[in-house]
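Good morning, and thank you for coming.

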Amino acid sequence: MLRLTNKNNTTMSEDFQEAWEDLMGIPADPPAMRELCENCRRPKPVCWCAYLPASPLITKCRLVILQHPAEEKRCLRTVPMLSLGLAPGFCLIFKGKKFPHNRHSGLEEIMTAPNSVLLYPSPQSVNLAELPKLPSGGFDSYNLFLLDGTWPQAKAIYHSSPLLHSMRQVKLLSTGTSEYVIRTQPTEGCLSTLETAALALTILEDREDIREILLKPLKALCDFQLDHGAVTHQSKEFLIKTKTYPKLIGKRLNRLLNGVSPNLEELDTDDPAQDQSNF
């Protein structure tokens, strides 16, 4: 048997040797996982399903989520709250880094439909509130596309998917703050994907109850996390302005220190804790 020696080439104590052998004998099996809810796939003690609507919402508009693959690995996601809060068929989720892909059955047809709009802050985007409540041309609803991921991931999806560039594009102007207080947002006006979708549906369908109903699971999740040691997160913009941002500031972010208000392009980040910003 191999004997351990110290740097002076003397034999280690028998007690230390026995302790080392005990450590070597510990099995490598992973710890037992907590039982998961079959609906939301969250551990049962922190399941938010009780806060979903008793009957999934039926809306006029249909959400189409283009989701970056990295979002599946995050514990605190908001898109599952959308998919479970809306009736089947009213929230379609396609995963990938480029759209459409061969595996995305039926997606290209939806993207090219005249009643499809993309929520994205491009130069040609118009205020979502300026769209007619019901589109013309024989359609009675919109297909509302959202990109789900951090801001850099959303930008990467947009730039690698040429068909998105030809879609009618809208932006959501909001003066409120996110209720997703356990995640860091780039600026004060940024929202999670759930909040963005809920507010957009509320505007398009002129139904104030949509936002309130869809956000109940998110509020429950945040309350639970805060009750168990989580802290409220300020936006990156706020931290920089108050000189409490813990990381080095790049050239774009440094513009804040010179009194220049940021936009989403300037608050570019690869922070994995950041949810999609408000488009």
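Glu35 and Lys44 join their side chains in a salt bridge, with 3.1 Å from N to O; a salt bridge here is a side-chain nitrogen of Lys or Arg within 4 Å of a carboxyl oxygen of Asp or Glu. This is a predicted model, in which local features need pLDDT of at least 70 and side-chain atom pairs count only at pLDDT 80 or more, while totals for chains, interfaces and linings use all residues. Residues are numbered from 1 along each chain as its sequence is written, and side-chain values use heavy atoms, with hydrogens and water left out.

Is Glu35 buried or exposed? Glu35 counts as exposed because its relative accessibility is 54%, where buried means under 20% relative accessible area, exposed over 50%, and partly exposed in between (1.4 Å probe, protein chains only).

Another of them pairs Lys219 with Glu179, at 3.7 Å from N to O. Lys219 lies in helix 7 (residues 208-227) and Glu179 in the loop between strand 6 (168-171) and helix 6 (193-205), so the pair ties together parts that are 40 residues apart in sequence. Helices (H or I, at least four residues) and strands (E, at least two) are DSSP runs, numbered from the N terminus. Lys219 is partly exposed at 34% relative accessibility, and Glu179 is partly exposed at 28%.

A further salt bridge links Asp209 and Arg207, at 2.8 Å from N to O. Asp209 is partly exposed at 31%, and Arg207 is partly exposed at 26%.
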